[in-house]
Amino acid sequence: MKLHDIQDGRLQELVDELCQKIQEHYPEAVFRIYPPDGDPKSITVDAYTSEEDSFKVLDLVARRAMDILVDEDYYIGIVPLPLSAWKGPAGG
């Protein structure tokens, strides 16, 4: 799942955890992982799945992502997108 080389080992573990949770329900899921500008404790994960209702994808991980923010001070933004929008890892 490492489409972006995350330097912080703990952040990588947390991103992997959330991505794995999504893939448990959507085995076809692919991810584009990238840092927002300027914050080494933040990461954005575009989650491409076949699910039409993006809230169903968010419901899988939203509580855990909030716990990570509160308890560990890492922000992991999950952006559910349709699998049809996946363009591959180029640029990601």
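**Strands, helices and a few residues**

Reader: Where does S42 sit?

Author: S42 belongs to strand β2. Strands here are DSSP runs of E with at least two residues, helices are runs of H or I with at least four residues, and both are numbered from the N terminus. This is a predicted model, in which local features need pLDDT of at least 70 and side-chain atom pairs count only at pLDDT 80 or more, while totals for chains, interfaces and linings use all residues. Residues are numbered from 1 along each chain as its sequence is written, and side-chain values use heavy atoms, with hydrogens and water left out.

Reader: Is S42 buried or exposed?

Author: S42 has a relative accessible area of 8%, so it counts as buried. Buried means under 20% relative accessible area, exposed means over 50%, and partly exposed is in between, with a 1.4 Å probe and protein chains only.

Reader: What does S42 touch?

Author: Apart from neighbours within four places in sequence, S42 is in contact with L11, P35, P36 and Y75. Contact means heavy atoms within 4.5 Å. The side chains of S42 and D39 are also joined by a polar contact of 2.7 Å. A polar contact is a pair of N or O atoms within 3.5 Å; within protein, one must be able to donate a hydrogen and the other to accept it, and residues adjacent in sequence count only if both atoms are side-chain atoms.

Reader: And which residue is the bridge partner of S42 in β3?

Author: That is Y75.

Reader: How many residues of β2 are buried?

Author: 8 of its 8 residues. S42, T44, D46 and Y48 are on one side, I43, V45, A47 and T49 are on the other, and both faces are covered.

Reader: T49 is in that list. What is it in contact with?

Author: Leaving aside neighbours within four places in sequence, T49 contacts I22, Y26, E28, A29, V57, L81, P82 and L83. Its relative accessible area is 2%.

Reader: OK, the sheet. What is the strand order?

Author: The order is β1-β2-β3, in an open sheet of 3 strands with mixed pairing. Two strands pair if DSSP finds at least two bridges between them. β1 and β3 are at the edges with a single partner strand each, so one side of each has no neighbour in the sheet. From one strand to the next, the twist averages 20°. Axes are lines fitted to C-alpha atoms, for helices over the stretch in contact, and angles run from 0 to 180 degrees between N-to-C directions.

Reader: What about the helices? Which strands does α1 touch?

Author: Helix α1 (residues 9-25) packs on the sheet and touches β1, β2 and β3, with its direction at about 20° to that of β2. α2 packs on the sheet too, touching β2 and β3, and its direction makes about 175° with that of β3.

Reader: Which residues of α2 are buried?

Author: V57, V61, A65 and I68 are buried. The buried residues of α2 pack against α1, β2 and β3.

Reader: Where does α2 bend?

Author: At V61, by about 45°. The bend at a residue is the angle between axes fitted to the seven residues ending there and the seven starting there.

Reader: What is at the start of α2?

Author: A side-chain oxygen of D53 comes within 3.0 Å of the backbone nitrogen of F55.

Reader: And what follows α2?

Author: D73 follows. D73 is in the loop between α2 (54-72) and β3 (75-82). Its phi is positive, about 65°, although D73 is not a glycine. D73 has 48% relative accessibility, so it counts as partly exposed.

Reader: Last one: where is W86?

Author: W86 is in the segment after β3. With 26% relative accessibility, W86 counts as partly exposed. W86 and F31 are 55 residues apart in sequence, and their C-alpha atoms are 8.7 Å apart in space.
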